[in-house]
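Please look over the sequence and structure first.

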Number of protein chains: 2
Amino acid sequence: MFTRNNWIRGSRAGVTAARLPAYRPVNITTRLQSSTKANEQLFHRYFVKPAKYAAYGCGSIVFGISAFVAIIFAHDAMTYEGSYIDRVNANPISMAPQTGGKKNLPITQIFMDDEEDPEAQAISEKPHLVIIGNGWGGIGVLKELEHGDYKVTVISPANHTLFTPLLPSAAVGTVEIRSLVESLRKLVARVRGHYISGAAADIDLSNRLIEVHSKRPDGSVDQFYVPYDKVVIAVGANTASHGVPGLEHCFQLKTVGDVLRIRRSIMQNLEAAALPTTSDQERKRLLSFVICGGGPTGIEMAAEIFDVLNEEVGKYFPKLLRKEISVHVIQSRDHILNTFSEKISEYAEKKFAKDEINVVLNARVSRVEKDKILYTLKTEKGDKTEHVIPAGFMLWSTGLGMNPFAKRVCEQLPNQFHSKAIIVDSHMRVKGAPQGTVYAIGDNATVDNNLLDALLDLVDDCDRDQDGRIDFEEFEIMSQKLRHRFPLAKSHLQKIKNIFQRYDKDKDNVLDLNELASLFSEISSKIVSLPATAQVASQEGKYLGKKLSKLASARERLSGTEIVNQAGDLDDEIVSVPFSYRHLGSLAYIGNSAVFDFGSPELSFAGGLISLYLWRSIYWSEQVSNRTRALVMIDWIKRGIWGRDLSKDRKKVQ
Amino acid sequence: MFTRNNWIRGSRAGVTAARLPAYRPVNITTRLQSSTKANEQLFHRYFVKPAKYAAYGCGSIVFGISAFVAIIFAHDAMTYEGSYIDRVNANPISMAPQTGGKKNLPITQIFMDDEEDPEAQAISEKPHLVIIGNGWGGIGVLKELEHGDYKVTVISPANHTLFTPLLPSAAVGTVEIRSLVESLRKLVARVRGHYISGAAADIDLSNRLIEVHSKRPDGSVDQFYVPYDKVVIAVGANTASHGVPGLEHCFQLKTVGDVLRIRRSIMQNLEAAALPTTSDQERKRLLSFVICGGGPTGIEMAAEIFDVLNEEVGKYFPKLLRKEISVHVIQSRDHILNTFSEKISEYAEKKFAKDEINVVLNARVSRVEKDKILYTLKTEKGDKTEHVIPAGFMLWSTGLGMNPFAKRVCEQLPNQFHSKAIIVDSHMRVKGAPQGTVYAIGDNATVDNNLLDALLDLVDDCDRDQDGRIDFEEFEIMSQKLRHRFPLAKSHLQKIKNIFQRYDKDKDNVLDLNELASLFSEISSKIVSLPATAQVASQEGKYLGKKLSKLASARERLSGTEIVNQAGDLDDEIVSVPFSYRHLGSLAYIGNSAVFDFGSPELSFAGGLISLYLWRSIYWSEQVSNRTRALVMIDWIKRGIWGRDLSKDRKKVQ
């Protein structure tokens, strides 16, 4: 038996031998006594003490968690109160709005909660800021506003905002879609704003009205006008079809509904593949997952699908299914993740090759059918070859098209000739719209990079000696103004001495209008537009939100003076810093691993579990609220403990 | 300034006064010294020590939680391995099954994962137990089976089981629907069973085949046979329409899909009611929630809807909406919760009256239209009056109808004349089916309570002197056998001396056949069938699972002997205890409060936050897995901290 005494006896020989010099004769009794004491000390040091600390440690964990639970319970118990309301003030006009505008629709001058209490009343008298859209841009604006700056109204068909970067994770159940969603009503409550469930369909610039179409539960559509003093257009972009027929057979990945449909489809395919009546060929088709588009969304979706099939299917479905699964990525460029650095792209391609994810490069999808996808490849000789992949699941995640509302805005304005977005100046003001009233941000906006538009203005401004030509001194001022007005051109306006000399074709030490025009147009052509990413939209939103908030406090300060009524001028007077994008890096999940591109090759980073956790921490910190932050964390922990949720909804037979 | 010295000085006077007897002259220096020391001790006792303990406490909480998080992370990091599979054995027959049976459909004798590895191979040679249904009954059976007892196959259209009692909570977002769902594939994995996604459509009793219809992703339906050695029918019941027209306008509350639809509908109605173009009348209609059925589901749904409207709507929607909301319960009986004790019903009615939930009693729904519900009330004179409630949301949660598969089973068997369920004996064996092969449990089964069927058998058995009549001694044996065979009759077979005398009409101290028949039929009429509740289904499932497991081990023991082939006989030989229901009480949530009925009036319990927590703990402990247990707990905590999730999905306009 292993008792304490045995333990001491068992260790005696070694310990005493180590302590006493060899061959020295000693009194055996003393030696035994002292060694027993030493052993007791050792026992105490190596057994009792550690046990005590372990007990402290475990006790602390238990106590800590229990105390935490107790606090949560105590808080929870206080949350079950009813909120009874006696009487509610509402202006009758809010419930029977007067009609007007070009289409003679109801105009919602007053909302039904505008006169609920004195605070609401005070806010309702502020200028009306309308934000259209629930994406990164709109939420960015909303979060920067201060309580009381404006009467704020958000218009969006969905009454939530969605953390889009984690949609691929949600589509396979790594996180729950509900964890990515935050209620717009909760977000607008901070500034006591309003939310209107509907889509902006048109704008009436002269009367400052937004036409909203709202679908009712019975399917009918209500049409009405929402008046604005300032409007922010942040509706995002649509998916572009690139003229490919049959896209209705593809899934997209933009909304909560998309996620639910994809999740159901994956599980349905797996269950159908497991049926005994499914033929070999059909099983392979059902288990063939094709992603069109090799950008971050497509790559992450492919990686997540591979993960769920790899980690869960082998465990709970017949193993045969695991063998017959195939994941394909069809990319039109010669690399996946082509906006990332080449090192990163190659790393991702290697990882995918290892995982046996089939990456098809330089391919154009030519047609999509119910059960297959057709694409063409160019051979080296320049011939085109047709290929087919039978598919049980197809996702279209490539290309941006113009949102119909953004298109309506452009149609009503001069100089709006961009095919995919509204052109804004570097202050996010829509070009051609009455100054200080219409802003556009995010995927539906593109910052003007045509320097030529500003040429004559700038020459007027900078040509001090009024000789119609620009000498170097004048050019220095001009380039400063250019950098200020077109922040995207900054990198092309370095070393201006060189530039000046290069474009001074006749070497007369001045630039005439022709020389300037060729300089301006060449720089314009070199400017790369900002990419349509969440990061750009979010930064634009925050920039605009801060600016609008500053404008509001300036309005308070200047109230009563004349300047107030010239909103456009005020904008330039008060906040003259144009928007400047700061790229914080790109990242993508590539299957139990992630890649990061922080701009320069030294800072780029790829691979390993650490990168997975880093990828998660970045997305975690970007969450819109602490609520979704906690929920996403719980989801990740859940995945570790119990795996993904494999359930599919019931489908009725007959 | 409040420094340590100040603090000591401040408390000096009182303390010294208490310590020293009054008016006794003392050396002032000693006194000052001793009092300073005392003060230091006091400071230590009341300030330093508590601060130390508080620091220990906080430190423990922080350390405890951090250690917990670290453990979770460490575990999580180990879960990102791939499971690569080289080769999979699969019998070719499993992928091209032979056809047969009455309809010449494919018969799935072998599944594709039956020969994956030696363990699977061994299990596939066991008798085949088929469980039809994913509800309380089926899962009850599944959870009691031991690994290796049978080759187990579960057939169900949904590949998950659902914790139905919390569906009303999920429908309003108090808990997430995903937290109530557990994958059937995970549950069958414990016994290395199979799952087939499909609905049982018919049974071929002579060939022992279940006909399964499975809907494929493209909408087509596969039909095939699954052979069985034993089959458990646990498909549950359908909702009965009671002949009411227009039920397609009502929601039901049975599946994940129902929950998602209800949740979306509630949010859509709220958003539509908040639109400025909605008329007063239409807003009231949209905010009118009508529940048909005053049983636990209906009541809990009404309470949950009231909760969400009360707790969340007032906070985030215009307060006007909160005022115009109405919740109605239409009940056909003269009390809500009529299966509970009267005290409980009345408590619930009072609570609802306080919450201004409109309860309509003794009402029959006569018709449902798109936007209203019509019902008739009987006046005291017996006249009927018609009433209308305009409604934006209608839930039908009353009445049980026969499942089509259960109906098909009954049609093929003699003596199956029950209109709503399959008649089983007290061993859960389907009456008339080949013994030991077909069992039915849950809502689709009703335990036979017609004692007359057993009359002649019992007389044969108990009439020892073979005189065709039963004396009291024989009657004692007979009543014992009756109690055993009809556990539901137990309570009606107390004080048998009295019974014997009462039915011995001619007072000859023996009961003849006529007298016995009248006794048997009278007792039969008194027996109340078991209610169609989760509790009954679960207990029946567990009973049957245990029995089937015992049968399996008996089979092993007796293998080789003759008895094995007579499955029916074995059943009675080995496990002779019939099913006996033990009512553990009923409970219902009635809005920040709950009611409990534990059988007797003394044990019944209603009201208060405590009861809400008790209600939750009971449901919590009943969860099907630790996963759902953790998730539901998190959901409840979430509600306390962040309120309910108010998002609705995007609806496309045009």
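**How the two chains meet**

Of the interface residues of chain A, 100% are also interface residues in chain B, so the copies meet through the same surface. The model is predicted.

**Interface and symmetry**

- In chain A, 86 residues are in contact with 87 residues of chain B.
- Helix H2 (residues 28–77) of chain A gives the largest share of chain A's side, with twelve residues.
- That side of chain A, touching chain B, has 39 nonpolar, 25 polar and 22 charged residues.
- Chain A superposes on chain B by a rotation of 180° with 0.0 Å of shift along its axis, at an RMSD of 0.3 Å.
- The two copies are therefore related as by a two-fold rotation axis.

**Annotated segment**

- An unreviewed UniProt entry lists residues 53–74 of chain A as "transmembrane region".
- In the model, residues 53–74 of chain A are 100% helix and 0% strand.
- The end C-alpha atoms of this stretch are 31 Å apart.

**Helix H17 of chain A**

- Helix H17 (residues 513–526) of chain A has 14 residues, which at 1.5 Å a residue should span 20 Å; its end C-alpha atoms are 20 Å apart, which agrees.
- A:Leu516, A:Leu519, A:Phe520 and A:Ile523 are buried in H17(A).
- Viewed down the axis of H17(A), its buried residues fall within an arc of 95°, so they line one face of the helix.
- These buried residues of H17(A) pack against helices H14 (455–462) and H16 (496–503) and strands E24 (470–471) and E25 (510–511) of chain A.
- Exposed A:Asn514 and A:Ser525 sit on the face of H17(A) turned away from its buried side.

Key: Residues are numbered from 1 along each chain as its sequence is written. Chains are lettered from A and ligands numbered from 1 in the order in which they are written. This is a predicted model: local features need pLDDT of at least 70, side-chain atom pairs count only at pLDDT 80 or more; totals for chains, interfaces and linings use all residues. Two residues are in contact if their C-beta atoms, placed from the backbone, lie within 7 Å. Helices (H or I, at least four residues) and strands (E, at least two) are DSSP runs, numbered from the N terminus. Ala, Val, Leu, Ile, Met, Phe, Trp, Tyr, Cys and Pro count as nonpolar, Asp, Glu, Lys and Arg as charged, and the others, Gly among them, as polar. Copies are superposed by least squares on the C-alpha atoms of residues with pLDDT of at least 70 in both. UniProt positions are given in the numbering used here, feature names are shortened, and annotations may be inferred rather than shown by experiment. The expected span of a helix is 1.5 Å times one less than its number of residues. A residue is buried if 20 or more other C-beta atoms lie within 10 Å of its own, exposed if 12 or fewer, and partly exposed in between; C-beta atoms are placed from the backbone. The arc is that of the directions from the helix axis to the C-beta atoms.
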